[in-house]
Amino acid sequence: MLLNSQSTRSLLRAVDFEYAPQRFTVYTARDLGRIGQLERLPAELRYEMKVVSSVLPFRVNEYVLRELIDWERAPEDPMFQLTFPQRGMLSDAHFNRMAMALDSGLEKKELQVVANEIRAELNPHPAGQLENNLPRDEYGEPINGLQHKYKETVLFFPSQGQTCHSYCTFCFRWAQFIGDKSLRIATTEAEKLYSYLRHHPEVTDLLVTGGDPMVMKSKQLKAYLEPLLHPEFSHIQTIRIGTKALTFWPHRFIFDDDADELIELLHHLVLAGKHVAIMAHYNHWRELDTDVARAAIRRVRATGAEIRSQGPLLAHINDNSDDWAKLWNEQVKLGVNPYYMFVERDTGARRYFEVPLYRAWQIYRDAMKQVSGLGRTARGPSMSAGPGKVEIQGVTEINGEKVFVLRFIQARDHDLVQRPFFAQYDEKVTWYDQLRPVQGQALPFLEAAR
């Protein structure tokens with residue numbers, strides 16, 4: 001039985017704790033000198049941040065600075081590592097090249113040329129997403145701002161959502177944030193999305209992503225999503241919204257001027273029969289450890305939308321089983337569904353964060369031993385490679401040879417889904433295209449993943 005309108009409105013607007021709303025204040029690379037907490041760090045570290053943030057995007061807000069980072073533990077603190085640039089995020093060659101350019105006093109445009117040359121060498125769009133995932137309309141013309149890799153799911157990148165409340169240092173979509181339009185995936189042409197969905201009844205899931213769609217005003221998000229309630233889009237069963245806002249700005253769901261409008265939109269979509277899934281990015285249990293973050297989760301869940309959590313395994317941040325087990329256990333307690341543990345993708349600052357596949361599997365397995373069945377919904381470790389999502393299922397022996405056991409959780413070729421395959425065991429391997437076949441067996445679509 002549905003709640004009546006008055007009780008529904010009361011439930012969705014309730015905030016069950018005292019909290020002084022914060023004004024959203026953001027800092028970018030040009031503001032590093034204005035972040036007072038950094039003054040406690042050595043000048044050399046601050047200089048390194050300046051160099052790295054000249055290449056990779058940096059953005060942090062006051063909530064992250066005050067409530068998530070433990071400054072007594074910086075720079076080792078995991079939330080500091082998650083948001084602030086570190087020298088190891090660039091190779092020595094790239095770091096020295098950018099440092100030399102900065103120290104030589106080049107003009108802004110000349111510095112940008114150097115930065116762009118370095119960025120081009122960091123695989124800004126991995127897994128062939130610009131070449132292989134770009135859908136075409138009924139006339140064969142490419143549709144910018146959409147991605148269609150798997151039959152059932154289309155990704156939509158609204159232009160108004162192509163930034164975030166803060167940036168993750170590991171982000172595989174970092175190329176969206178550096179101001180290079182040739183690298184950006186985005187669109188304001190919603191009608192092209194609707195037209196594409198009309199012509200593709202096999203699509204059941206729409207993922208609105210970015211950046212972060214939750215940086216958009218609620219009325220903008222509403223304008224994109226409400227047309228999907230028309231009967232011609234009955235095949236769209238699930239609306240997914242990818243976001244880090246539950247971590248980086250939970251106020252979005254409670255105290256922002258249009259927070260009530262956002263909550264009512266989610267509730268309206270659910271009541272209209274859509275499955276609404278908030279695909280929340282979490283990397284450490286500390287992200288759940290504030291009153292406002294927990295209240296935001298409760299408020300979203302009150303709409304009938306579900307929250308699924310995902311995030312990569314990262315050196316310097318969460319590369320131990322205890323942190324993952326605590327994250328998943330806390331999420332289950334709060335009603336958040338653990339969904340994916342990813343392997344850090346082969347782009348951007350990958351060299352700083354990557355963990356060998358054998359170790360990723362060990363961490364995942366040891367974490368699983370510490371959670372109940374409700375926490376074991378998290379799949380992984382999973383690599384989002386060119387041909388699909390490849391899960392490391394374990395290590396075993398075949399005819400006396402030690403091997404990785406793998407399978408495709410999802411794939412461009414549906415015949416590959418859930419079929420196990422094997423690769424040579426190698427403790428140095430960190431990504432799919434480094435795997436080697438066993439006893440002459442071909443690895444599925446290996447060339448497509450390069």
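## Q310 in strand 8

Q310 touches M279, A280, H281, Y282, Y339, Y340 and F342, leaving out residues up to four places away in sequence, where contact means heavy atoms within 4.5 Å. The place of Q310 is in strand 8 (residues 306-313), and its relative accessibility of 12% makes it buried, a word that stands for under 20% relative accessible area, with exposed meaning over 50% and partly exposed in between (1.4 Å probe, protein chains only). Strands (E, at least two residues) and helices (H or I, at least four) are DSSP runs numbered from the N terminus.

This is a predicted model, in which local features need pLDDT of at least 70 and side-chain atom pairs count only at pLDDT 80 or more, while totals for chains, interfaces and linings use all residues. Residues are numbered from 1 along each chain as its sequence is written, and side-chain values use heavy atoms, with hydrogens and water left out.

## Two helix pairs

Helix 2 (residues 43-52) and helix 5 (residues 92-103) pack at an angle of about 95° with their axes 9 Å apart, the axes being lines fitted to C-alpha atoms, for helices over the stretch in contact, and the angles running from 0 to 180 degrees between N-to-C directions. The two helices are therefore roughly perpendicular to each other, since angles of 65 to 115 degrees are given that name, whereas those under 35 count as roughly parallel, those over 145 as roughly antiparallel and the rest as oblique. On the helix 2 side the contact involves Y47, E48, K50, V51 and V52, which meet F95, M98, A99, L102 and D103 of helix 5. By class, this contact has seven nonpolar, no polar and three charged residues; Ala, Val, Leu, Ile, Met, Phe, Trp, Tyr, Cys and Pro count as nonpolar, Asp, Glu, Lys and Arg as charged, and the others, Gly among them, as polar.

Helix 10 (residues 259-271) and helix 11 (residues 291-302) pack at about 40°, with their axes 8 Å apart, and that angle makes helix 10 oblique to helix 11. A259, D260, I263 and H267 of helix 10 make the contact with R299, V300 and A302 of helix 11, a set that divides into four nonpolar, one polar and two charged residues.

T163 is found in the loop between strand 4 (153-156) and helix 7 (190-198), and with a relative accessible area of 22% it is partly exposed. Although T163 and G211 are 48 residues apart in sequence, their C-alpha atoms are 4.5 Å apart in space; beyond four places in sequence, T163 touches R59, F177, G211, D212 and V215. The buried residues of helix 7 are A190, L193, Y194, S195, Y196 and L197, and these pack against strand 3 (146-150), strand 4, strand 5 (205-208) and helix 8 (218-225).

With a disulfide taken as a pair of cysteine sulfur atoms within 2.5 Å, the count comes to zero. The sulfur of C164 has its closest cysteine sulfur in C171, at 6.3 Å, which is too far for a bond; C168 is likewise in no disulfide, the sulfur of C171 being the nearest at 6.4 Å. C164 counts as buried at 11% relative accessibility, and C168 counts as buried at 15%.

## R350 in helix 13

R350 lies in helix 13 (residues 350-353) and, at 16% relative accessibility, counts as buried. Its side chain is joined to that of E354 by a polar contact of 2.4 Å, a polar contact being a pair of N or O atoms within 3.5 Å, where within protein one must be able to donate a hydrogen and the other to accept it, and residues adjacent in sequence count only if both atoms are side-chain atoms. Leaving aside neighbours within four places in sequence, R350 is in contact with E344, R345, T430, W431 and Q434.
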